[in-house]
Amino acid sequence: MSRKTFVRAVVACVGLLWPMLASGQQPVTVTGRVVSDANAPIRGVSVFIQDLNTGGVTREDGSYTFTVPGARAQGQTVALQTRYVGFAPATAQITLT
């Protein structure tokens, strides 16, 4: 996979944000999937929010899930970053709700 293909895949990844409960103080679960431009899952990609020191790694199916403590989530916009050995990192802005 070329560097350009990986960057497109990362930018195209879906970072779905699901509040565990309606309350603003409850943890927020960040989930998504990293795929290539051919829609093939990419395993082993680091997905993280550096400012909050939290993240995860994609599984065999390209999916990832990690939790942000509710007190730190409070509607802020953060940079969701991805890294994969041999490829340029990519970043997408997301809002934690």
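Visitor: How many residues does the largest nonpolar core have, and which of them have the most contacts inside it?

Guide: Please bear in mind that this is a predicted model. The general idea is that nonpolar side chains tend to be buried together in soluble globular proteins. Here, the largest nonpolar core has 16 residues. Those with the most contacts inside it are Val47, Ile49, Tyr64, Phe66, Val68, Leu80 and Leu96.

Visitor: Which elements give two or more residues to this core?

Guide: They are β2, β3, β5 (63-68) and β6 (77-83). The most comes from β5, which gives three residues.

Visitor: With which residues is Phe66 in contact, leaving aside its neighbours within four places in sequence?

Guide: Phe66 is in contact with Val28, Thr29, Val30, Val47, Phe48, Ile49, Thr54, Gly55, Gly56 and Leu80.

Visitor: Is Asn39 buried or exposed?

Guide: Asn39 has a relative accessible area of 53%. Exposed means over 50%, so Asn39 is exposed.

Visitor: Where is Asn53, and what is its phi?

Guide: Asn53 lies in the loop between β3 and β4 (54-57). Its phi is positive, about 55°, although Asn53 is not a glycine. Asn53 counts as exposed because its relative accessibility is 71%.

Definitions and conventions
Residues are numbered from 1 along each chain as its sequence is written. This is a predicted model: local features need pLDDT of at least 70, side-chain atom pairs count only at pLDDT 80 or more; totals for chains, interfaces and linings use all residues. Side-chain values use heavy atoms; hydrogens and water are left out. Buried means under 20% relative accessible area, exposed over 50%, partly exposed in between (1.4 Å probe, protein chains only). Helices (H or I, at least four residues) and strands (E, at least two) are DSSP runs, numbered from the N terminus. A nonpolar core is a set of buried Ala, Val, Leu, Ile, Met, Phe, Trp, Tyr and Cys residues joined through side-chain atoms within 4.5 Å. Contact means heavy atoms within 4.5 Å.
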